Amino acid sequence: MSTMLHGFGLGLRPEHYAAFAERRPAVDWLEVISENYMLPGGAPLQHLDRLRRDYPMAMHGVSLSIGSADDLDLEYLRALKALADRIDRRGSPTISAGPAWTTTTCTI
């Protein structure tokens, strides 16, 4: 079962971190760009961990490259799953990805 997000959502960007820490804006949920949080450690993950306690989150990926001729990147999928588990421990994260053709190793 997936989580339904309702109301006003905002795309979380690094320039918003201070405002969320200081004022807790009245936003119903946040959208995060998955790839910005798929590296271990660092300030972005610290902000994400703090904010996910107060706001539901939707993850949007921009590098899945599912429209590519290449095989799916299994390391990317593992990192995406780890992030989804970190953000939504209930096991029903909201995830989207664009079907972009961003990489290729084939020659045409």
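These legends describe close-up views of one predicted model.

Residues are numbered from 1 along each chain as its sequence is written. In this predicted model, local features need pLDDT of at least 70 and side-chain atom pairs count only at pLDDT 80 or more, while totals for chains, interfaces and linings use all residues; side-chain values use heavy atoms, leaving out hydrogens and water.

**View 1. Four strands form an open sheet.**
The strand order is β1-β2-β3-β4, with parallel pairing. Strands here are DSSP E runs of at least two residues, helices are H or I runs of at least four, and both are numbered from the N terminus. Two strands pair if DSSP finds at least two bridges between them. Strands of a sheet pair through backbone hydrogen bonds, either parallel or antiparallel. Look at the edges of this sheet: β1 and β4 (94–97) each have a single partner strand, so one side of each has no neighbour in the sheet. On average, neighbouring strands are turned by 25 degrees against each other, direction ignored. Axes are lines fitted to C-alpha atoms, for helices over the stretch in contact, and angles run from 0 to 180 degrees between N-to-C directions.

**View 2**
Three bridges join β1 to β2, and the two run parallel. Glycine 11 stands opposite glutamate 31 in β2. From β1 the chain crosses through α1 to β2, a right-handed β-α-β crossover. Right-handed means that, with the strands pointing away from the viewer, the path from the first strand over the helix to the second runs clockwise. On to the next pair: β2 and strand β3 (residues 57–61) run parallel, joined by four bridges. Isoleucine 33 has histidine 60 in β3 as its bridge partner. Here the chain crosses from β2 through helix α2 (residues 43–52) to β3, and this β-α-β crossover is right-handed.

**View 2. Strand β4 pairs with β3, and a helix lies across the strands.**
Four bridges pair β3 and β4 in the parallel sense. Methionine 59 has isoleucine 95 in β4 as its bridge partner. Helix α3 lies across β2, β3 and β4, and runs at about 170 degrees to β3.

**View 3. Nonpolar residues gather in a core.**
A nonpolar core is a set of buried Ala, Val, Leu, Ile, Met, Phe, Trp, Tyr and Cys residues joined through side-chain atoms within 4.5 Å. Buried means under 20% relative accessible area, exposed means over 50%, and partly exposed lies in between (1.4 Å probe, protein chains only). The largest core has 20 residues, and those with the most contacts inside it are Leu12, Leu30, Val32, Tyr37 and Leu48. At least two core residues come from each of α1, β2, α2, β3 and α3. Helix α3 gives the largest share, five residues. In β2, four of the five residues are buried. Beyond four places in sequence, leucine 30 touches several residues, including Leu10, Phe20, Tyr55 and Met57. Contact means heavy atoms within 4.5 Å.

**View 4. Helix α2 has a covered side.**
Which residues of α2 are buried? They are Leu45, Leu48, Asp49, Leu51 and Arg52. Their cover includes α1, β2, β3 and α3.

Leucine 5 lies in the segment before β1. Leucine 5 is partly exposed, with a relative accessible area of 22%. Tryptophan 29 is 24 residues away from leucine 5 in sequence, yet their C-alpha atoms are 7.1 Å apart. Leaving aside neighbours within four places, the contacts of leucine 5 are Trp29, Pro56, Met57, Ala58 and Thr94.

**View 5. Salt bridges link charged side chains.**
A salt bridge is a side-chain nitrogen of Lys or Arg within 4 Å of a carboxyl oxygen of Asp or Glu. The whole structure has seven. Glutamate 31 bridges to arginine 13, with the closest N and O atoms 3.7 Å apart. This pair links distant parts of the chain: glutamate 31 is in strand β2 (residues 29–33), and arginine 13 is in the loop between β1 (9–11) and α1 (17–23). Arginine 78 and glutamate 75 meet at 2.8 Å, N to O. They sit three residues apart in helix α3 (residues 74–87), so about one helical turn separates them. Aspartate 85 and lysine 81 also form a salt bridge, at 2.8 Å. Aspartate 85 is partly exposed at 39%, whereas lysine 81 is exposed at 51%. Asp49, Arg52 and Arg86 are linked in a network of salt bridges.
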